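Here is a short report on two protein chains and how they meet. Look at the model first, then read on.

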Amino acid sequence: MSRSELIIGFYSSLLGLLVGLAVGVPVGKARAERLFSQRSEAVAQELAAFTATQFRHADAAHARAAVELEIQTLSQIDRLPAKYQPAPPQSALAAAYARLGMIEESAGNAPAAETAFQRARSLQGQVDHGSPPTDEQLRGLVRHQDEMLVKVGE
Amino acid sequence: MRFPSLSRGVHVALLFVCHFFLGAIVAVWATYQYEQSHWLASLSREQGRQLLSLRETLLVSQTLRPATTGAVQRELSQLRTLRRGALPEAQPILDMRLATAHATLASLYQNANDPVAAAAEREAARSTLRGIGWKTVSEATLDELATRRQASAGVKQPR
């Protein structure tokens, strides 16, 4: 193999490598972002469905544990950069706090219910960019979420 | 040794293509690793581990198979194994899946005219659901769980 053939081979390989890197980086970035975003969304949906079922059937302690896990997980998702969030979780978080308020209310724990509703009002107020919703509107948000989850499960 | 002109061209093209694929694969892998570290860095180490672990557990337990007795029994066995190694937070969700599998099995045994096995599976489902705080578990609720599981088996789950 002559020197000129070696040089041509070297530059051809180098060019191939550079073009491959240039093509691979945006593809890898887009796929990773989509994957992590779907991962967050799937966890949130799964937990919302589980919480809604526990809310319907379980006692206050187990329903509370489920909603607290949902709140904890949604708060983690909220800390992720926006590109990894399919949708900002504030509205789902507001619904989860409202659900917690309803659980505490039915368990006769009025101060804890008020704290949860207050948090839900503040979060939903951020989403709507207006006046904070009433407790009845928050209950409607929970009922709406349950209806959607039942439809998804059907 | 000198290559003839055509062979030399093919040789150069092959070198280009091989290195193109090598570069593309390395770039996709490295970008994925970078994005993953960025994703994890935005959470604390423990939170990231918990979120990933929760997702993996839920993903594995979601692989629903068509409702045949053998398939549901394998699913039950897989769920029990998964539950043993799962985070405590994920265990009630897996219990719900276990109860759903028992309810499905009960419905299959009922259709196969085996009321004794169906009753045993229904009792297993009830006992699992009571363990996650269910106050009452009616026949209708168990049927609803079985129907939902069978409907979901045909639906592609998000990864």
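A polar contact is a pair of N or O atoms within 3.5 Å; within protein, one atom must be able to donate a hydrogen and the other to accept it, and residues adjacent in sequence count only if both atoms are side-chain atoms. Between chain A and chain B, 12 residue pairs are in polar contact, both residues at pLDDT 80 or more. Here pLDDT is the predictor's confidence in each residue, from 0 to 100.

This is a predicted model, in which local features need pLDDT of at least 70 and side-chain atom pairs count only at pLDDT 80 or more, while totals for chains, interfaces and linings use all residues. Residues are numbered from 1 along each chain as its sequence is written, chains are lettered from A and ligands numbered from 1 in the order in which they are written, and side-chain values use heavy atoms, with hydrogens and water left out.

**Chain A**

Chain A has 5 helices and 0 strands. Helices (H or I, at least four residues) and strands (E, at least two) are DSSP runs, numbered from the N terminus. The pattern along the sequence is α-α-α-α-α. The C-alpha trace of chain A spans about 90 × 35 × 25 Å along its principal axes. Its radius of gyration is 24 Å, whereas a compact globule of 154 residues would have one near 15 Å. That radius is taken over C-alpha atoms, and the globule rule is 2.2 Å times the number of residues to the power 0.38.

**Where the chains meet**

In all, 51 residues of chain A are in contact with 46 residues of chain B. Contact means heavy atoms within 4.5 Å. The two chains bury about 4,400 Å² between them, 65% of it on carbon and sulfur atoms. Buried area is the accessible area (1.4 Å probe) that two parts lose on being put together, summed over both.

Which helix gives the most to the side of chain A that touches chain B? It is α1(A), with 34 residues. That side divides into 23 nonpolar, 19 polar and 9 charged residues. Ala, Val, Leu, Ile, Met, Phe, Trp, Tyr, Cys and Pro count as nonpolar, Asp, Glu, Lys and Arg as charged, and the others, Gly among them, as polar.

There are 4 salt bridges between the chains. A salt bridge is a side-chain nitrogen of Lys or Arg within 4 Å of a carboxyl oxygen of Asp or Glu. B:Arg8 forms one with A:Glu5, their closest N and O atoms being 3.1 Å apart. Over all chains, the structure holds 18 salt bridges. B:Arg8 lies in helix α1 of chain B and A:Glu5 in helix α1 of chain A, so the pair joins two chains.

**Confidence**

The model scores ipTM 0.73 and pTM 0.76.

| Chain | Mean pLDDT | Residues at 70 or more |
|---|---|---|
| Chain A | pLDDT 86 | 95% of residues |
| Chain B | pLDDT 82 | 78% of residues |
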